[in-house]
Amino acid sequence: MFQLIDRSTWKREEYFNHYLSDVPCTYSMTVRLDITELREKRVSLYPTMLYLIACVVNRHEEFRTALDDNGEVGVYDYLSPCYTVFHKESETFSNLWTTYSPNYKQFCANYENDIQEYGSINRMIAKPNAPKNTFSVSMIPWSSFEGFNLNLQKGYSYLLPIFTMGKFETVNDRCLLPLAVQVHHAVCDGFHLSRFFNELQEMIEQLPTN
């Protein structure tokens with residue numbers, strides 16, 4: 001599930017060393033995705049976006065590259081989303097995770113099962129035993145934003161991406177959803193992050209629902 005990288009032949013070795021050790025650097029980028037087609041299809045937005053984000057994450061190694069417990073760099077075969085659900089009564093949230101499936105309907109079914117079983121558990125970790133091959137997603141549906149940044153004390157050793165969605169808005173008859181992504185420059189350049197956003201937008205427009 002986690003394959004170590006042969007750093008003697010790794011094309012990113014020089015960049016990895018520079019941005020992990022010489023000049024430790026993480027960064028974030030926020031875009032406004034056009035989700036008009038999703039709204040017109042009347043799909044459930046949160047699990048659909050979790051699925052679409054996971055699909056693009058699993059296409060590219062730069063979003064699945066991490067450090068193991070010994071500090072060795074490698075790539076996970078696949079990642080599943082670990083996401084937040086909000087509890088109105090306590091104004092707190094819980095973390096759940098759903099096993100990734102490349103099949104949209106199967107993933108949504110997995111998500112619904114997890115929500116039914118764990119969604120009402122009012123603890124920070126509602127679904128236990130999260131595997132290491134998960135990436136973080138959260139949503140702030142009360143506010144739209146044009147920029148969002150996380151400040152992680154140990155962020156310079158955390159290589160996996162972190163995703164934050166906001167409240168969608170209607171602008172000129174189009175539905176726009178803010179999505180912020182925080183990445184580590186040691187494994188992900190602006191090219192890779194731009195490709196991620198472009199591919200995610202394409203998947204949003206082409207999502208099959210049958």
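Is Thr84 buried or exposed? In this predicted model, Thr84 has a relative accessible area of 16%. That value counts as buried because the cut-off for burial is under 20%.

Thr84 belongs to strand 5, which covers residues 80-87. Leaving aside residues up to four places away in sequence, Thr84 is in contact with Tyr46, Phe93, Ser94, Asn95, Val137, Ser138 and Met139.

## Aromatic pairs

Twelve aromatic pairs occur in the structure. One of them joins Phe135 and Phe163, whose ring centres are 5.5 Å apart. Their planes meet at 70°, and the pair is therefore edge-to-face, the class for angles over 60 degrees. Phe135 is in strand 7 (residues 134-140) and Phe163 is in strand 8 (residues 162-166), so this pair ties together parts that are 28 residues apart in sequence. Both Phe135 and Phe163 are buried.

Phe163 also pairs with Phe196, with ring centres 5.3 Å apart. Here the planes are at 35°, so the pair is tilted. The relative accessible area is 0% for Phe163 and 0% for Phe196. Ring pairs join Phe135, Phe163 and Phe196 with Phe63 and Phe197 in a cluster.

## A charge over a ring

Trp97 has a lysine over its ring: the charged end of Lys127 is 3.6 Å from the ring centre.

## Helix 4

Helix 4 runs over residues 104-118 and contains 15 residues. From its first C-alpha to its last it reaches 21 Å, close to the 21 Å expected at 1.5 Å a residue. At the N-terminal end, helix 4 is capped by Asn103, which has a side-chain oxygen 3.1 Å from the backbone nitrogen of Lys105.

Which residues of helix 4 are buried? They are Tyr104, Phe107, Cys108, Tyr111, Asp114 and Tyr118. Viewed down the helix axis, these buried residues fall within an arc of 120°, so they line one face of helix 4. An α-helix has 3.6 residues a turn, so residues three or four places apart point the same way. The buried residues pack against helix 3 (45-57), strand 5 and strand 6 (92-97). Gln116 and Glu117, on the other side of helix 4, are exposed.

How values were computed
Residues are numbered from 1 along each chain as its sequence is written. This is a predicted model: local features need pLDDT of at least 70, side-chain atom pairs count only at pLDDT 80 or more; totals for chains, interfaces and linings use all residues. Side-chain values use heavy atoms; hydrogens and water are left out. Helices (H or I, at least four residues) and strands (E, at least two) are DSSP runs, numbered from the N terminus. Buried means under 20% relative accessible area, exposed over 50%, partly exposed in between (1.4 Å probe, protein chains only). Contact means heavy atoms within 4.5 Å. Rings of Phe, Tyr and Trp (its six-membered ring) pair if their centres lie within 6.5 Å; planes under 30 degrees apart count as stacked, over 60 as edge-to-face and the rest as tilted. A charge sits over a ring if NZ of Lys or CZ of Arg is within 6 Å of the ring centre and within 35 degrees of the ring normal. The expected span of a helix is 1.5 Å times one less than its number of residues. The arc is that of the directions from the helix axis to the C-beta atoms. A polar contact is a pair of N or O atoms within 3.5 Å; within protein, one must be able to donate a hydrogen and the other to accept it, and residues adjacent in sequence count only if both atoms are side-chain atoms.
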